[in-house]
Amino acid sequence: MHKDQPDQTRSQAASRDCPELVSHHLGDISTAELRAALHRAADLVADYLEGIEGYRVLPRIVPGELRRQLPSSPPENPEPMDRILEDYHRLIEPNTTHWNHPGFMAYFAVTGSGPGIVGELLSAALNVNAMLWRTGPAPTELEEHACDWLRQMLGLPAQFRGHINDTASIGSLLSLAAARHRAVGLDIRRKGMTGRSDLPPLTIYCSDQAHSSIDKAAVALGFGLDQLRRIQTDEAFRMRIDALEAAIAADKSAGRRPVAIVATVGTTSTTSVDPLPQISAIARRESMWLHVDGAYALAAGICPEFRARFEGLDGADSIVTNPHKWLFVPVDCSVLFVRDPDLFRQAFSIVPDYLTTSEQGVTNLMDYGVQLGRRFRALKLWMVIRRFGVRGLQERIRRHCRLAQHFAAWVESQPGLELVAPVPFSTVCFRAVPQLPPEQQDEFNQRLVEEVNADGSIFISHTRLRGRYVLRLTVGNLRTTAQHLEHARQLITRAHQRLLGEIER
C-alpha cells in the first residue's frame, strides 16, 4: 500500500489495481496464486527465523496501536495475496512477542522448530477433522502411534494410552472429570453435581505451587474452589505428605469425599517435583484418582538420567505433558496419557445417529474428551520426533539443563544475588537482596526485571515465592546458546549495579 493511501480505501484500491481478482468463479484461489504465495510465505518464515535476533523480544507497541493501522471494516472486494503478505511482514511480524527468539527466557520457553512448522503447514492443507476414525483414518492412527512413541521415550508402562489436546489445562480438566465419573458413576452424567441430594462435597488436592488451571477445572466441573485443597510445600516447594494426609483425614471426618490428587512434576514457578511415590501410595489407599501435571518438566524424562526424578509416575491414572514446551513442537500440542481409556470413554462418549459408523475396533478420538472437532496435531509431533530423533531431542534438553546450571552457579557467586529455589531442570529462580526492608526489596526486584527486559534483547519473567518477588530465567529455546546466557548475565549485572547506585545516593 502506498504511504499516502489511507488503509480504509484498500479494498477499493484492490479492485482497481487487480480487476482480475474480481471473478465470476467462486471457488478457491488458483493453484498458481497459491503456489506463489506458499513460496513467498516459505521465504518469510525462513528469513524470520534466520534473522530473528534483529527483533526485540518484546515489541515497542502500545495497546491499540496495531488496530489503529488496520481498516475499520472488512474489504468489500478481493485483495491479492502479495499485498496481504506484505502487510503481514509490515504489521504482524514486528508487533508480536517473539517466543522463537533465543533471548526469550520467560515463562517456559518454547520453540516452533523447522520440522514442526512444516508439519503445521501440511496439517492445514489437509484440513482434517479427525473426530472419527472414518473422518481421519491416517490422523487418528498417527496420533495413536506418535503418542505411543512418546510413551516409550518417557519409559511409561504399555497400558498408558495417549491422545492429543490443545493444552495441559484441558488435559487436567478432562482427567478430573474422569476422576469425578469414577467416584460417582453414571449418575454424574445424568443428574450432574446438583442433581444428587445425597452427594457429599467432593474434594481435590494439589500443592500450593500447582498451576492455576487446576482451580479453573474445579470451577468448570462443579467441584467449586471451596473443595480444592492447596497443600503446603516444603523448603524445596514440593507437596508436604504430612499436610496432604492431614487434609484428607480432616475432610473425611467432616463428611466430605476425597476424589483426586493432582501432583506436579515441574511446578510453574520453580519446577519442583512433588514426591510421587508417597502420593501414589496415598491415592491407592484412599481409592483416589492421581493426575500428574508434567506439562513442562516431564519432557526431561526422555533422558534416562532424569527419569529417577519421576519415580512413582507409573502409579498415576492420568499424566499430561506438552511437547509444545520442551520437545520443540509448535503450539499447540499437549499429550494426555490415561491408564484406563475405557473409563474415559464412559465419561465422555455421546454418539448421536449422525456420528455412528460401521467400523469395528477403531478409535474415535471424539470419545475421549469434550471436543468434537480435532486438528491434526499429531503430524507435527511425528515430524519433530523423526527429524531430531530421540538422541537429538535428549542432547538438546541436556544442553539446556547445563546452561541453566551454569547460570545458577553464576547467581550464587554474585554478591547481592541469591538463588531462591533448587534448579532440577532448566529454570532458575533468583532475586536481588539489597539492604532494604522486604517490601522495598520486592520493588527493587520488580524494577530490576523491568530494566532488563527494557533492553529488548532478552525477556525474563517473575513469580512470588513465600510472598516475595522473584525473577525467573528459563532455557528452553533451540536457538539459545551460552552467548545468550552471557549477555543475560551482563544485562542483569548492569541493571543491578545501577539500581544499587540509586539506593546509595
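**A helix crossing and the overall fold**

Helix H7 and helix H9 cross with a right-handed sense. Keep in mind that this is a predicted model.

Some geometry for that pair. H7 covers residues 168–184 and H9 covers residues 213–220; their axes come within 9 Å, with a crossing angle of roughly 45°. Angles under 35 degrees would count as roughly parallel and 65 to 115 as roughly perpendicular, so H7 and H9 are oblique to each other.

Which residues make the contact? On the H7 side they are Ser169, Ser172, Leu173 and Leu176. On the H9 side they are Ser213, Ile214, Ala217 and Ala220. By residue class, the contact of H7 with H9 has five nonpolar and three polar residues, and no charged ones.

Now the whole protein. The secondary structure consists of 17 helices and eleven strands. Along the principal axes, the C-alpha atoms fill a box of roughly 80 × 75 × 45 Å.

How does the radius of gyration agree with that of a compact globule? For 505 residues, the globule value would be near 23 Å; the protein has 25 Å, so the two agree.

Two last numbers. Of the 505 residues, 51% count as buried. For contacts between residues at least 6 apart in sequence, 73% join residues at least 24 apart.

To go back to the pair on the slide: H7 and H9 cross at roughly 45°, in a right-handed sense, and no charged residue takes part in their contact.

Notes: Residues are numbered from 1 along each chain as its sequence is written. This is a predicted model: local features need pLDDT of at least 70, side-chain atom pairs count only at pLDDT 80 or more; totals for chains, interfaces and linings use all residues. Side-chain values use heavy atoms; hydrogens and water are left out. Axes are lines fitted to C-alpha atoms, for helices over the stretch in contact, and angles run from 0 to 180 degrees between N-to-C directions. Helices (H or I, at least four residues) and strands (E, at least two) are DSSP runs, numbered from the N terminus. Angles under 35 degrees count as roughly parallel, over 145 as roughly antiparallel, 65 to 115 as roughly perpendicular and the rest as oblique. A crossing is left-handed if the near helix is turned anticlockwise from the far one by less than a right angle, and right-handed if clockwise. Contact means heavy atoms within 4.5 Å. Ala, Val, Leu, Ile, Met, Phe, Trp, Tyr, Cys and Pro count as nonpolar, Asp, Glu, Lys and Arg as charged, and the others, Gly among them, as polar. The radius of gyration is taken over C-alpha atoms; the globule rule is 2.2 Å times the number of residues to the power 0.38. Buried means under 20% relative accessible area, exposed over 50%, partly exposed in between (1.4 Å probe, protein chains only).
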